[in-house]
Amino acid sequence: MNQFRTTFPLVSRDLLNWFPGHMGKGMKQMQQKLKLVDCVIEVHDARIPLTGRNTEFKHSISGIKPHILVLNKSDLIDKRWEAPIVDRLQQENFDPKNVLFTNCKNQTCRGLRKLMPLAQNLINSSDRFNRSSQREFCIMIIGVPNVGKSSLINVLRNRHLNKKGASQVGAIAGVTRSVLNRIKISEEPPIYLLDTPGILEPNIADVETGLRLALVSCLQDHLVGEELIADYLLFLLNKQRNYRYVETMGLPEPTDSIASALVNNAIHTNKMVRTKQLDGTSVLRPDVKMAAKFMLKSFRTGGLGKILLDEDKLIAPSM
């Protein structure tokens, strides 16, 4: 068996300075709306339950409001990791009863069924201060980009009001640009949700955090580079001894070289691109960018198996 890297090579931090103006503006808007809110639901990607959560939310948004953490896309991780994830979150003083695993593509998902009753219980047992006379409930949905906030709102609206989606869903990180109008999801009691823009921390802590965020599409691919993200994925897969990529990519054996993996895949799938040489002639070369995109898509759709990117931050369950 090949010798694989034990650490990922250093990458320039410049790649991770992505904080568009609308994010700072969105954070201010969210803080202004807080007095109208009874409960905060923070949505994050279950594949990175500990990485990349915006700590600003804890200090500036959730504060004294009841707070539920929804780990979405849980169908893409092995169910046996759920208990170790909750145990680890408990160490950060997170109430384990308020952590739910959801899959917005499955209307019968247990986590989705529990979400609204849990929110109502938390609101009813909390001191609502200036909102105690209000019969209606208002819940703010927060999170980093592209973790499924809008999908969650649409599923809840569909479940409780049987109406089509009211919130724009996009595969590109940062599609929701501002705090939207209140979206009604229940008549009795009247429950409204506030959708908010996906907001990253102004400074991503380290390069691996940035690469994990990029792998689950919280950062836009082109801002980091598909080949770099694919290289980090290859590094993690080898580290976790997950070699399903060999068959998916059409490789002869596991490899530690992303260049080799991408070239082999492009040749295997006959994805070639014509490039001009210095002398003016053109030549066909393997399209490594298309191969990188294919590898990332395979991971994101579960084609490489159920993969928890934060495995190294948890105590492994008995598999």
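Arg-113 sits in helix 4 of this predicted model, where the residue is partly exposed at a relative accessible area of 44%. Together with Arg-110, Lys-114 and Arg-159, Arg-113 forms a positive surface patch. Helix 4, spanning residues 110-124, is the main contributor to this patch, supplying three residues.

Turning to the strands, strand 5 (residues 182-186) and strand 6 (residues 191-194) pair in the antiparallel sense over four bridges. A hairpin of four residues connects strand 5 to strand 6, and within the pairing Ile-183 stands opposite Leu-193 of strand 6.

Salt bridges come next: the whole structure holds 16 of them. One joins Arg-182 to Glu-136, with the closest N and O atoms 2.6 Å apart. Because Arg-182 belongs to strand 5 and Glu-136 to the loop between helix 4 and strand 4 (137-143), this pair ties together parts that are 46 residues apart in sequence. Arg-182 is partly exposed, with a relative accessible area of 40%, whereas Glu-136 is buried at 19%, a value under the 20% cut-off.

The side chain of Asp-312 meets that of Arg-212 in a salt bridge of 2.8 Å, N to O. Arg-212 lies in helix 6 (residues 207-215) and Asp-312 in the segment after helix 11 (288-300), so the pair links parts 100 residues apart in sequence. Arg-212 counts as buried at 2% relative accessibility, while Asp-312 counts as partly exposed at 44%. Asp-312 also forms a salt bridge with Lys-239, the closest N and O atoms being 3.8 Å apart. Through shared partners, salt bridges join Glu-208, Arg-212, Lys-239, Asp-310 and Asp-312 into one network.

Terms used:
Residues numbered from 1 in each chain as written. Predicted model: local features only at pLDDT ≥ 70, side-chain atom pairs only at ≥ 80, totals over all residues. Heavy atoms only, no water. Patch = residues over 30% accessible without salt bridge, like charges linked within 9 Å, V, L, I, M, F, W, Y side chains within 5 Å. Areas by Shrake-Rupley, 256 points an atom, 1.4 Å probe, with all protein chains shown as cover. Salt bridge = Lys/Arg side-chain N within 4 Å of Asp/Glu carboxyl O. Lys, Arg positive; Asp, Glu negative; His and termini not counted. Charge placed at Lys NZ, Arg CZ, Asp CG, Glu CD. Helix = DSSP H or I, 4+ residues; strand = E, 2+ residues; numbered from the N terminus. Buried < 20%, exposed > 50% of the residue type's maximum accessible area, 1.4 Å probe, protein only. Pairing = 2+ DSSP bridges.
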